[in-house]
Structure formats: structure tokens, C-alpha cells
Amino acid sequence: MDSGSNSLPSAPDGVKRKVCYFYDPEVGNYYYGQGHPMKPHRIRMTHALLAHYGLLQHMQVHKPFPARDRDLCRFHADDYVAFLRSITPETQQDHLRQLKRFNVGEDCPVFDGLYSFCQTYAGGSVGGAVKLNHDQCDIAVNWAGGLHHAKKCEASGFCYVNDIVLAILELLKQHERVLYVDIDIHHGDGVEEAFYTTDRVMTVSFHKFGDYFPGTGDVRDIGYGKGKYYSLNVPLDDGIDDESYHFLFKPIIGKVMEVFRPGAVVLQCGADSLSGDRLGCFNLSIRGHAECVRYMRSFNVPLLLLGGGGYTIRNVARCWCYETGVALGIEVDDKMPQHEYYEYFGPDYTLHVAPSNMENKNSRHLLEEIQSKLLENLSRLQHAPSVQFQERPPDSDLGEAEEDHDGDETWDPDSDMDVDVERELVPSKVKKEIVEPQLNGLDDQRRSREHLRVSDTAVAETCMKALDISSQKADEDNVKVEQNTVNDLTK
């Protein structure tokens with residue numbers, strides 16, 4: 001188990017990194033429903049840009065191996081996973097009680113191929129973690145992942161399975177400490193809650209706070225028990241621009257890296273913090289957003305880049321294409337190449353778009369107060385907590401021996417990983433969406449929900465998994481924690 005943070009040789013930021021990129025050609029076919037702002041089609045648009053900018057040839061391109069039930073049950077409850085596997089649009093009216101129990105139906109609708117979608121995006125994130133653990137790449141990318149709101153027993157905020165938690169649990173098999181950073185406009189509540197009582201995972205979330213979904217992420221929420229001061233929340237107001245954002249991001253993350261010394265970093269790159277997002281209210285440019293990726297890359301620590309929110313899908317594709325270039329150390333031209341989705345990007349047909357002139361409600365005084373408070377919290381941390389060395393548990397099979405399809409090769413222009421795949425999905429009936437609907441449908445702001453902290457046994461149970469992950473038996477099919485040990489962490 002690695003105990004230090006410098007898993008990669010120290011090198012200038014411009015040095016190329018070995019990048020693994022996970023993409024399933026069918027992911028863009030999944031469809032949340034008419035008027036719903038979450039559009040998996042944005043992943044296909046991103047992939048098209050990567051192909052036509054010539055970035056795929058610089059990466060290992062992998063088709064993710066779908067996460068299995070037992071992989072998902074490493075965090076999620078068995079009955080919740082069984083529900084996701086069995087529910088269909090045709091049968092949902094027969095399961096109204098379960099729909100309510102698992103918070104599925106409105107923000108998180110039942111759609112054709114729902115479980116396959118969850119398996120695909122979770123498989124990419126866990127597969128990326130496996131590649132990092134085996135030193136097969138320096139940076140792993142899964143733009144379909146980053147669904148940070150899902151809880152142990154319920155869906156939330158367009159998220160059904162928390163691929164981030166599953167990837168972090170995988171990374172903890174190799175690394176004593178893992179850092180999670182979230183630059184989505186919404187608070188990364190599902191990930192924070194999962195690791196709220198452990199010192200092996202530090203969570204840092206930069207988000208809009210105040211009458212905004214999910215309603216959590218106060219600067220005073222700092223963790224509990226062994227996890228005290230290992231949860232950092234950076235609450236922001238409308239209109240924050242690049243300069244103000246990095247006034248907080250760089251000093252805070254710099255101090256986190258110095259004190260926590262993670263063996264691996266997971267960066268959730270939600271693009272709803274960009275200027276002009278359909279549901280967002282920040283004013284970041286694509287370059288400003290990508291500067292967070294560039295800064296994390298500069299520490300030369302194994303890095304998992306994930307997607308997340310982002311609802312003006314042409315800007316999401318722009319952002320994640322540019323950030324893939326940043327991961328590779330390649331500066332991407334602003335002039336966009338001709339490709340199958342070219343008309344989405346008119347009238348300028350450029351990669352970058354200018355921020356708006358909206359008011360920045362984050363005063364310098366407020367930013368200084370937040371920075372001071374969080375740096376003070378970090379100063380109270382024990383430097384680089386350690387765990388007892390134990391035999392390393394086996395890797396998940398995802399992306400390794402069982403990945404015998406075409407995903408294990410560097411991208412080939414003639415392969416079926418090309419961007420213009422229109423295969424029929426089997427066995428699910430999956431509706432295809434090609435054009436972005438008008439701005440109607442779900443409200444721009446979703447309801448706030450009460451945040452359950454340490455009294456929620458899901459928090460304690462997941463932390464037990466994180467803390468005891470190195471002692472799990474190799475022959476266990478379902479890696480779960482005994483129920484009777486859960487309450488110890490809540491005392």
C-alpha cells in the first residue's frame with residue numbers, strides 16, 4: 001500500500017502524461033426523457049470532438065467493462081441495486097412504494113436501459129481506478145462518471161449509482177489516502193456523506209450554497225470522529241468568475257496536498273459551474289474551469305478525472321474536450337474542426353466562449369473569510385494519517401482480465417470505437433436523442449432535502465468499508481460490512 005503522495009516522478013507541468021480514456025459508444029443513446037436536463041448525449045458529443053481534434057490517438061481508449069451487482073453493492077444496499085436492475089418504464093406503476101422509498105421517479109426517472117447505464121458509467125470509473133492502481137496510466141478519464149449525489153439506498157439529483165464512491169473504494173486498496181475534489185456547481189453530498197467519519201478520504205467541494213440543491217455543504221460541515229476536518233466545504237454565491245474561484249481553489253488545494261499527501265486524487269469536473277449553464281449560476285470560463293485540472297495535474301499524483309453536471313450540452317462537450325487536452329499536455333485549437341455535431345456550436349464554431357457580464361456576488365472580503373476559515377481547519381490536521389499495513393485485497397475485475405473486447409488497445413481510426421456509432425442496444429430498448437430540447441421541463445432548481453449526518457448508518461457503514469478495506473478476504477463475492485459493527489462509529 002502506497003503511503004506517499006509522489007507516486008509519479010516529479011516533472012514539469014508540460015511533460016506528457018500517460019492517459020487512459022474510458023468510453024462506451026452506446027452511452028449517448030440513453031435518454032432520461034423529454035424535457036429532462038440531463039442528457040447522456042453530451043458524452044457522445046465530447047467523444048466526437050476528441051476524435052476530430054486528434055486527441056484519441058494520444059490515449060489508450062478503453063470500453064468499460066460493466067459493473068456487476070457485487071461491484072455496486074460494495075457501497076449500495078442490495079435491495080436498492082436489485083430494484084435498479086428490475087425496474088422498467090412498463091413495470092414502474094406496479095412498484096410505487098419502492099419508487100418513493102428509493103427516490104426514483106421525478107428528478108431521477110425510470111427510463112429504458114437504466115441499469116445498463118448505471119453499469120456502464122460505474123464500470124468506467126472503477127476501471128479507471130484499477131488502471132491507476134496498476135500504474136498502467138498516470139491519468140484516467142471517464143466523462144460519463146462523476147454522479148456525486150447518489151446515496152447508499154437512494155437516487156438523488158439525476159444520479160442513481162455513486163461511481164465516485166466505488167472508484168475511491170477501489171483506490172483505497174492501493175493507497176492509504178485518497179483526495180476527492182469537486183468543482184460541480186452542486187455540493188458533492190453523496191461522496192462527502194460516504195466518507196464523513198474517516199481520515200483516509202478527504203473531500204473538498206466548491207459549490208453554490210444557499211437555497212440551492214442539495215442544500216448541504218456549509219463551511220461548518222467539517223467531518224466527524226476520525227473524519228473531523230477531513231471534509232472541506234467552500235460555499236460560493238452567484239456569478240463567481242475565474243479570478244475569484246482560483247483565489248480560493250489554489251491556496252486551499254495547495255495546502256490540502258501539503259498536509260494530506262494523498263496517494264491518488266479524484267477530480268469531479270462537473271461543467272454546470274461554467275458560465276451560461278442551463279441550471280447553473282456561476283460565471284467560469286472553460287479555461288478557468290480547466291485550470292483546476294491543470295493545477296491538480298501539476299502535483300504528479302495519480303489522477304482520476306470524472307464528469308458530473310452540465311446542462312448546456314454544447315458547452316459541456318467544449319469543456320471536457322479541452323480538459324482532456326490539458327490532461328494530455330496538448331493545447332487544443334480554438335477553431336473547431338468539422339464533425340457530425342458541428343452545427344451545435346454555431347454561430348462562432350469555436351471551443352471557447354466568453355463569460356457573461358453577470359454580477360459577481362462573491363465579495364473579496366467574503367472570499368478572504370472563507371479562505372481563512374478553511375486554511376485554519378487544515379492547520380488542525382494531523383499530517384498524513386497512516387493506516388496499519390495489511391495484505392492488499394484483490395482488484396476488481398473491471399477493465400482487466402474480463403475486458404477482452406476492443407477497449408484495451410490504443411484508438412484505431414478503423415475500430416468500432418469511432419464516434420459515429422449507431423448500433424442498436426440489446427436487450428434494452430433505448431431511445432436516442434440527437435437534438436437538445438428547448439429550455440422547458442424540470443425546474444432549474446430542485447428541491448432541497450434534509451441532510452442526514454452521523455445518525456445515518458449508511459455513513460458509518462461506508463466508512464467501515466473504507467477503513468477496513470485492506471482486510472477483506474479475497475474470496476468474498478459481495479464485499480460488504482457486517483451490520484453489527486456499524487453502530488460503533490456513531491458513538
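Author: Let us begin with the word "buried": a residue is called buried when its relative accessible area is under 20%. Please keep in mind that this is a predicted model.

Reader: Thanks. Which residues of H6 are buried?

Author: They are Asp163, Ile164, Val165, Leu166, Ala167, Ile168, Leu169, Glu170 and Leu171. Helix H6 spans residues 163–171 and is mostly covered, with 9 of its 9 residues buried.

Reader: What is the separation between the C-alpha atoms of Glu170 and Asn133?

Author: Their C-alpha atoms are separated by 8.3 Å, although the two residues are 37 apart along the chain. Asn133 belongs to helix H5.

Reader: And is Asn133 buried or exposed?

Author: Asn133 has a relative accessible area of 5%. The cut-off for buried is under 20%, so Asn133 counts as buried.

Reader: New topic: how many aromatic pairs does the structure hold?

Author: The structure holds 20 aromatic pairs. One of them joins Tyr32 and Phe117, whose ring centres are 6.0 Å apart.

Reader: Why is that pair, Tyr32 and Phe117, edge-to-face?

Author: The planes of the two rings stand at 85°. Planes over 60 degrees apart count as edge-to-face, so the pair of Tyr32 and Phe117 is given that name.

Reader: Where do Tyr32 and Phe117 sit in the chain?

Author: Tyr32 is in the loop between strand E1 (19–22) and helix H1 (41–52), while Phe117 is in helix H5 (residues 114–133). The pair links distant parts of the chain, 85 residues apart. Tyr32 and Phe117 are both buried.

Reader: What about the rings of Phe249 and Tyr295?

Author: Their centres lie 6.3 Å apart and their planes are at 70°, so this pair is also edge-to-face. Phe249 is part of helix H8 (residues 242–260) and Tyr295 of helix H9 (residues 286–297), so the pair ties together parts 46 residues apart in sequence. Phe249 and Tyr295 are both buried.

Reader: Which residues form one aromatic cluster with Tyr32?

Author: Tyr30, Phe111, Phe117, Tyr121 and Tyr160 form one aromatic cluster together with Tyr32.

Reader: Let's turn to charge. Which residues gather in the patch of negative charge on the surface?

Author: That patch brings together Glu331, Asp333, Asp334 and Asp348.

Reader: Where is Asp348 found? Is Asp348 buried or exposed?

Author: Asp348 is in the loop between helix H10 (313–328) and helix H11 (364–379). Its relative accessible area is 58%; the cut-off for exposed is over 50%, so Asp348 is exposed.

Definitions and conventions: Residues numbered from 1 in each chain as written. Predicted model: local features only at pLDDT ≥ 70, side-chain atom pairs only at ≥ 80, totals over all residues. Heavy atoms only, no water. Patch = residues over 30% accessible without salt bridge, like charges linked within 9 Å, V, L, I, M, F, W, Y side chains within 5 Å. Areas by Shrake-Rupley, 256 points an atom, 1.4 Å probe, with all protein chains shown as cover. Salt bridge = Lys/Arg side-chain N within 4 Å of Asp/Glu carboxyl O. Lys, Arg positive; Asp, Glu negative; His and termini not counted. Charge placed at Lys NZ, Arg CZ, Asp CG, Glu CD. Helix = DSSP H or I, 4+ residues; strand = E, 2+ residues; numbered from the N terminus. Buried < 20%, exposed > 50% of the residue type's maximum accessible area, 1.4 Å probe, protein only. Phe/Tyr/Trp six-rings, centres within 6.5 Å; stacked < 30°, edge-to-face > 60°.
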